[in-house]
Amino acid sequence: MTTWTARLLVLLYVAAVVVARRLPAGLRDRRCVWLWSIGATMLVLHVLVAFHEVHHWSWLHAVEHTTRATERIVGRSTGLELWVNLIFVGWWIVDSMVRLTRPDWRLPRAYDRCVQGAWAFMFFNATVVFGPAGWMWCLPLVVLGVAWPRRIGADSPPVT
């Protein structure tokens with residue numbers, strides 16, 4: 001179940017990015033924000049399922065597992081990997097809530113690029129550290145989120 005929730009959240013992210021580039025502005029905004037927000041919700045579900053199935057609700061086990069997996073692949077770890085993941089979860093939830101509740105509010109382009117860069121970085125690391133080799137096909141799709149500068153959200157001018 002942990003694997004399927006991860007796959008589904010990546011597909012929702014990719015769908016939001018692709019829809020943001022393919023539909024007319026009025027449709028793009030609503031559909032993208034909903035795909036984006038459902039993706040954030042799926043990430044929360046993924047974390048809960050992982051804590052239940054993999055870590056048996058043990059924070060210590062989760063920290064050790066994440067640290068060992070990172071060290072095995074990257075060659076070193078900081079012990080902060082799980083905290084970085086949880087900050088990422090919180091960021092996506094807050095970002096989604098802002099986009100859902102303030103559809104007229106435009107975030108700066110630099111922020112959107114930062115979001116897409118962070119998402120691509122997190123998905124890449126999660127795929128390399130925890131995913132099977134077959135998941136590598138997702139990476140070019142995730143990189144599209146960074147390469148394409150269009151934003152997920154309303155097309156109105158930014159609120160200053």
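## Loop between α2 and α3

His-56 lies in the loop that joins α2 (25-53) to α3. In this predicted model, His-56 has a positive phi of about 50°, although it is not a glycine. His-56 is exposed, because its relative accessibility of 60% is above the 50% cut-off.

Trp-57 belongs to the loop between α2 and α3 as well. Its phi is also positive, near 60°, and Trp-57 is likewise a residue other than glycine. With a relative accessibility of 53%, Trp-57 counts as exposed.

Trp-59 is placed in helix α3, which covers residues 59-74.

On the surface, Trp-59 forms a nonpolar patch together with Leu-80, Trp-83 and Val-84. The accessible area of these four residues together is about 410 Å².

## Packing of α3 and α4

How do the axes of α3 and α4 cross, and at roughly what angle? Helix α4 spans residues 81-101, and its axis comes within 8 Å of the α3 axis, with a crossing angle of roughly 105°. The two helices are therefore roughly perpendicular to each other, since angles from 65 to 115 degrees fall in that class.

On the α3 side, the residues in contact are Trp-59, Ala-62, Val-63, Thr-66, Thr-67 and Thr-70. They meet Glu-81, Leu-82, Trp-83, Asn-85 and Leu-86 of α4.

Terms used: Residues are numbered from 1 along each chain as its sequence is written. This is a predicted model: local features need pLDDT of at least 70, side-chain atom pairs count only at pLDDT 80 or more; totals for chains, interfaces and linings use all residues. Side-chain values use heavy atoms; hydrogens and water are left out. Patches are made of residues with over 30% relative accessible area and no salt bridge: like charges are joined within 9 Å, nonpolar side chains (Val, Leu, Ile, Met, Phe, Trp, Tyr) within 5 Å. Accessible areas come from the Shrake-Rupley method with a 1.4 Å probe; for residues, only the protein chains shown count as cover. A salt bridge is a side-chain nitrogen of Lys or Arg within 4 Å of a carboxyl oxygen of Asp or Glu. Helices (H or I, at least four residues) and strands (E, at least two) are DSSP runs, numbered from the N terminus. Buried means under 20% relative accessible area, exposed over 50%, partly exposed in between (1.4 Å probe, protein chains only). Axes are lines fitted to C-alpha atoms, for helices over the stretch in contact, and angles run from 0 to 180 degrees between N-to-C directions. Angles under 35 degrees count as roughly parallel, over 145 as roughly antiparallel, 65 to 115 as roughly perpendicular and the rest as oblique. Contact means heavy atoms within 4.5 Å.
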